[in-house]
Amino acid sequence: MTLAEFWPHCLRRLHDTLPVQQFQTWVAPLTVGEENGVWVVYGKNQFAVNMLKNSFAAAIEAARAELAPDMPALLFKTGKGQAYAMAPSVSDGRGAAGPSEKKEAAAKATPKKSARDIVAERMKQLPPDGGQPRPAAETEAKPAAKPKSETARSQPARAQGETHHSQTNLSPDYTFDTLVEGKGNRIAAAAAQSIAENPGQGYNPFFLYGSTGLGKTHLVQAIGNELLKNKPDAKVRYMHSDDYVRSFMNAVRTNSYDVFKQQYKQYDLLIIDDIQFIKGKDRTMEEFFYLYNHFHNKKKQLILTCDVLPTQIEDMDARLKSRFSWGLTLELEPPELEMRVAILQKKAEAAGVALNEDAAFFIANLIRSNVRELEGAFNRVSASSRFLKKPIDIDLARNALQDIVASSYKVITADLIIDATAKYYRIKISDILGKKRTRNIARPRQVAMSLTKELTNLSLPNIGDAFGGRDHTTVMHGVKAVAKLREEDPELAQDYEKLLIIIQN
């Protein structure tokens with residue numbers, strides 16, 4: 001099989017297994033070529049290549065191993081090769097299916113794993129200390145989209161579901177389709193989809209915790225919206241814990257306990273946000289204890305969010321803290337760089353504005369704390385873009401967010417530059433400071449030296465001292481080498497510019 005035959009079929013596989021937004025953003029722009037008999041997949045810059053290696057390389061390599069087993073492993077690097085059109089699907093009627101299409105059709109005939117199976121596998125991948133899971137195929141992150149015919153059949157149900165929003169208190173914007181997945185929320189998203197498929201059957205209660213603005217509300221409301229889409233008659237309610245407290249206090253004041261209890265016992269799915277706010281309210285906690293037992297015994301789904309682990313909620317009834325941990329407890333973590341960029345790109349797509357990739361990179365590096373602040377920053381930049389009638393580039397983003405840029409000002413040191421460079425190239429700081437002279441170490445070291453020369457007032461001898469006691473002539477050679485390479489090597493030039501953005505912001 002030639003590369004021209006392989007790549008279209010590889011694209012088709014990725015298209016059929018990845019969420020549409022991921023495929024269009026990261027896979028569709030890829031090009032391919034051949035170097036010294038090895039097939040190469042090109043990303044347009046180092047950032048795209050890093051994303052490719054981290055999230056999609058395993059799936060691409062699996063396709064290569066099956067369709068072209070005689071070819072060596074693929075290479076992934078920056079550059080520009082040949083673009084090929086995606087192969088037609090087996091079922092679209094274009095010609096007879098060849099061997100690869102038949103394999104693909106057989107694969108599709110195999111029942112897909114449910115979200116419940118996916119999250120069970122992901123939970124097994126977690127190390128004993130509760131850290132990040134071992135790498136898993138990105139294609140398992142989300143179930144495949146439903147066929148158009150099935151979507152068409154569900155339109156009446158969807159319309160009925162929309163009438164539920166005023167009764168359920170769910171936002172129609174918070175769905176799995178609008179959710180951007182990354183390392184910080186991938187396991188939680190898989191668990192959420194499993195719950196939407198089979199509420200009350202497994203992870204009950206589902207306790208989601210994490211700092212403010214990380215997307216807890218979006219994820220738990222997506223469960224409710226998905227359940228209503230599949231089962232329009234399901235009784236779902238989303239509420240903040242303050243609403244529950246006020247409802248109970250009103251029952252106390254009006255002596256209407258029976259009405260209060262029946263009101264909540266009717267739901268098939270009850271979502272309570274920020275459950276920590278019932279702490280210290282003894283009668284409310286006691287009443288919620290009985291409600292919890294009802295949901296658990298009747299196998300009705302209860303979903304709770306909080307800012308800390310159940311065991312760390314101060315002044316919370318000990319029985320409740322214990323029961324909160326009975327089901328599945330997961331933490332949402334701050335979004336990593338790739339996820340923040342993907343969120344910005346999806347927001348731009350939804351808003352219908354042009355977002356330069358470097359500008360997305362700039363904003364994502366500037367706002368690192370949580371999704372809510374990231375979306376707020378994008379809204380400011382988007383408003384500025386519409387007002388000025390200009391696409392969003394770095395200059396426009398910097399002007400729109402100048403107060404944030406100013407507040408994030410920091411003193412740039414050699415140590416800061418070395419740390420940023422090591423993280424960017426995924427090597428150790430000790431490698432940059434050490435004696436290794438292999439290309440994958442020496443080149444980042446020279447880049448870091450050049451950045452230090454540009455961004456600090458250190459002399460060449462002082463820079464040499466900061467880089468493991470090197471002679472100033474070594475520093476001078478590295479700076480000159482990088483200056484020349486920035487003119488000749490587009491990949492290194494892009495790396496250098498992105499590191500400038502990361503370090504300065």
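Guide: Lys216 touches Leu208, Tyr209, Gly210, Ser211, Thr305, Cys306 and Leu332, leaving aside residues up to four places away in sequence; contact here means heavy atoms within 4.5 Å. The model is predicted: local features need pLDDT of at least 70, side-chain atom pairs count only at pLDDT 80 or more, and totals for chains, interfaces and linings use all residues. Residues are numbered from 1 along each chain as its sequence is written, and side-chain values use heavy atoms, with hydrogens and water left out.

Lys216 is found in helix α10, where helices (H or I, at least four residues) and strands (E, at least two) are DSSP runs numbered from the N terminus. Its relative accessibility is 9%, so Lys216 counts as buried; buried means under 20% relative accessible area, exposed over 50% and partly exposed in between, with a 1.4 Å probe and protein chains only.

The "binding site" feature comes from an unreviewed UniProt entry, which places it at Gly213, Gly215, Lys216 and Thr217. Such positions follow the numbering used here, feature names are shortened, and annotations may be inferred rather than shown by experiment. Gly213 sits in the loop that runs between β4 (206–209) and α10 (216–230). Gly213 is also buried, at a relative accessible area of 5%. With residues up to four places away in sequence again excluded, Gly213 touches Asn370, Val371 and Arg372.

A search of the whole structure finds zero disulfides, a disulfide being a pair of cysteine sulfur atoms within 2.5 Å.

Elsewhere, helix α16 (residues 357–366) is mostly covered, with nine of its 10 residues buried; among them are Phe361, Phe362 and Ile363. Asn356 caps the N-terminal end of α16, placing a side-chain oxygen 2.7 Å from the backbone nitrogen of Asp358.

There is also an open sheet of three strands in the order β1-β2-β3, with mixed pairing; strands pair if DSSP finds at least two bridges between them. β1 (31–35) and β3 (75–78) stand at the edges with a single partner strand each, so one side of each has no neighbour in the sheet. β1 and β2 (residues 38–43) pair in the antiparallel sense over five bridges, and Thr31 stands opposite Tyr42 in β2.

Technical notes:
Polar contact = N/O pair within 3.5 Å; in protein donor to acceptor, adjacent residues only side chain to side chain.
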